[in-house]
Amino acid sequence: MPDDPKIPYVTWRRGRPRFEPSPTLRKQGYAGEDLKDAQGAWLTAGQALDWSREFKRKLTMAQHGQKPKRKP
């Protein structure tokens, strides 16, 4: 859809968000997945943006050999 927001690491299928890793990320073991919440509902654009930012943060930490901090 032409109105789908542009979010890093997220593609849209019929208005639904999906993680589609690049060839480089696939070589690192990442696989594509639908972006849904714990109850199985599709993420909104805002939630997909939050997911993308968190994924980038974890990816950056992994590239620098750091482990993510546990959330309280």
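**Figure 1. Surroundings of Arg18 in the predicted model.** Once its neighbours within four places in sequence are set aside, Arg18 is in contact (heavy atoms within 4.5 Å) with Tyr9, Val10, Thr11, Arg13, Gly32, Glu33, Asp34 and Leu35. Arg18 belongs to strand 2, residues 16-19, where helices (H or I, at least four residues) and strands (E, at least two) are DSSP runs numbered from the N terminus. Its relative accessible area is 16%, so Arg18 is classed as buried; buried means under 20% relative accessible area, exposed over 50%, and partly exposed in between, with a 1.4 Å probe and protein chains only. The Arg18 side chain makes polar contacts with the side chain of Glu20 at 2.5 Å and with that of Asp34 at 2.9 Å. A polar contact is a pair of N or O atoms within 3.5 Å; within protein, one must be able to donate a hydrogen and the other to accept it, and residues adjacent in sequence count only if both atoms are side-chain atoms.

This is a predicted model, in which local features need pLDDT of at least 70 and side-chain atom pairs count only at pLDDT 80 or more, while totals for chains, interfaces and linings use all residues. Residues are numbered from 1 along each chain as its sequence is written, and side-chain values use heavy atoms, with hydrogens and water left out.

**Figure 2. The largest nonpolar core.** This core, a set of buried Ala, Val, Leu, Ile, Met, Phe, Trp, Tyr and Cys residues joined through side-chain atoms within 4.5 Å, has 10 residues: Ile7, Val10, Trp12, Phe19, Leu25, Leu35, Leu43, Ala48, Phe55 and Leu59. Strand 1 (10-13) and helix 2 each supply at least two residues of the core, and the largest share, three residues, comes from helix 2. Leu59, one of the core residues, is in contact with Tyr9, Leu25, Gln28 and Tyr30 when its neighbours within four places in sequence are left aside.

Figure 3. Ser52 lies in helix 2 and is counted as buried because its relative accessibility is 4%. Apart from neighbours within four places in sequence, Ser52 is in contact with Ile7, Pro8, Tyr9 and Val10. Thr44 is located in the loop between strand 3 (33-34) and helix 2 (45-63), and its relative accessibility of 44% is why Thr44 counts as partly exposed. The C-alpha atoms of Thr44 and Gly15 are separated by 9.6 Å, although these residues are 29 residues apart along the chain.
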